[in-house]
Every structure is written in structure tokens, then in C-alpha cells.
Amino acid sequence: MVQRKPLVAGNWKMNGLAADLGEISRCCEHVAELGTSLAAEVMFCPPATLISATVERCRSARVAVGAQDCHVAQSGAHTGDLSAHMLRDAGASAVIVGHSERRGDHGETDALVGAKAAAAHDAGLTAIICIGETAGQRHYGLTLNVLERQISGSVPNAATGSNTIIAYEPVWAIGTGLTPTPDDVANAHAFMRERLGGLIGAAEAAQIRLLYGGSVKPANARELMQIADVDGALVGGASLKANDFCGIIDAFVTK
Ligand code: PEP
């Protein structure tokens, strides 16, 4: 029987100053209060400037800390970039790679995202690999083709349930308030699981957590998180405020 502990990860993107860390502390207090009634792991992915301070705030509640991107190299002449080893050194245990904003804003290809995921693995970080179709691709019925291409191009062959998480984030759902239907999410996640099986074998694919991301909020979290093969959420805007993020975390409280 496969046991995948759900993960609720908050991606702060390019938001947050030291003065905003109180939001993280409030969430951590909430997680600590929930104790074993919370059937999920929680993670914050703040901007790199706040990783160390976030690690300090999260330690006692055992809330994890991730980064938002990494370079493929371990070190070298890459001004402004951060390696996976540096992120690990700062206290991160995971790193998001291939977010659609990086694919779009920085022209990141599947091959580059795959190399970043491999660099994360080398550094001992969990790679949270983001995939998802644009509105145009969805309009032309290409969603599964896009997911197929992104999985085969950006998931390393060495991916396992402990070093890799995949986040399905339809680009048109990010920050828009729009979400796919539960059936669409279920179909996408079943397809992803099946394609991962083709890449790394069904037994290993069954261990990999598949997150849904795109306009998750307290009001829709419970419904989205009950969908088959959805193992948690990657949350953008609603992770910035403790009240909202705690409302999403509460979708994982067992009675
Ligand atoms: C994201 O960008 O990863 C995301 C899910 O954003 P939002 O929750 O704001 O749609």
C-alpha cells in the first residue's frame, strides 16, 4: 500500500521582507498547535534572502523550507545565481524548478529544468518540478501533450519518491482565481502518474507526490485536495498571509 504524505508548500515568489516573517511564524504556531491532527507536511519557499531567517522561524514546528530556483552548476562564475549546494547550506531542503514564471520570464527549457532538478538531487535537495499548460495549449486540446513533453524533458531518470515532487500548475490558473474542474485535475494527475511510470517504473512513480497549484485558497482547498492522485498543493498568493495559508493547511486536519 502506497503512503504519500501530502505537502502544502507556499511559494512567496518575489515577495517578502524581514518584516513579513511574522506571517510565517504565525503559520508555524498554527502547525504546532494542530500537532498530529495535521496529516500533511508544510513548507515555505521564501525568496532566497529570507531562507536562513525562515529556517530559524520554522525549526520548532518542523515546517520545511524550500527555495524557488537554482543554477545547474555547483559553483563558479555565474553572477547573481545560487547553486543548489548554497541553498542547502542556507538550510533549504527542497527547491522549486521549472515554475512557469521562470520558464516564461527566463526562457527556461525542459532540458534546463531537468538539469536543475538533477543539480538539486546532487545537493541532497528535493526537486519540486513544475509543469502545466498555457491557456492557448488548453484551448487547442494540447494539455496532455504538454504534460508528456514536460515530464519526459524535465524529470531526471534518477527521480524517486524521496527526491522529487511534481506540481501540476496550469499556467492560466496561476494568480487568476480560475481553477480546472475536479475531473480535469484528476485526469491530468492520473496521466502524470502513468507517464512517470513509463519513465522511472510504476512502483517508483507511485511514491512521487503530485501537487496541484493554481489559485488554491481556503474556500477551494478541501475540494481540490480530495481529488484522486492529488497529494497536496503548491500555493502562491494565498501563502503570503497567515490567515489564508492556515485556512488551506486546515484542509488536511483529520478529525
Ligand atoms: C504558483 O505560482 O505557484 C501559484 C500556485 O500561484 P497562485 O496560488 O497565486 O495561483
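Trainee: Why does Arg62 count as exposed?

Mentor: In this predicted model, Arg62 has 78% relative accessibility. The term exposed requires over 50%, so Arg62 counts as exposed. Arg62 is found in the loop between helix H2 (51-58) and strand E3 (64-67), and its phi is near 60 degrees, a positive value in a residue other than glycine.

Trainee: What makes Asp229 partly exposed?

Mentor: The relative accessibility of Asp229 is 23%. Buried means under 20% and exposed means over 50%, with partly exposed in between; Asp229 therefore counts as partly exposed. Asp229 lies in the loop between helix H10 (218-225) and strand E8 (232-235), and phi of Asp229 is also positive, near 70 degrees.

Trainee: How do you know that the span of helix H7 agrees with what it should be?

Mentor: Helix H7 (residues 143-154) has 12 residues, which at 1.5 Å a residue should span 16 Å. The end C-alpha atoms of H7 are 16 Å apart, so the two values agree.

Trainee: Which residues of H7 are buried, and why are they placed on the same side?

Mentor: Thr143, Val146, Leu147, Gln150, Ile151 and Ser154 are buried in H7. They cover an arc of only 125 degrees around the axis, and therefore lie on the same side of H7. In an α-helix there are 3.6 residues a turn, so residues three or four places apart point the same way.

Terms used: Residues are numbered from 1 along each chain as its sequence is written. This is a predicted model: local features need pLDDT of at least 70, side-chain atom pairs count only at pLDDT 80 or more; totals for chains, interfaces and linings use all residues. Side-chain values use heavy atoms; hydrogens and water are left out. Helices (H or I, at least four residues) and strands (E, at least two) are DSSP runs, numbered from the N terminus. The expected span of a helix is 1.5 Å times one less than its number of residues. Buried means under 20% relative accessible area, exposed over 50%, partly exposed in between (1.4 Å probe, protein chains only). The arc is that of the directions from the helix axis to the C-beta atoms.
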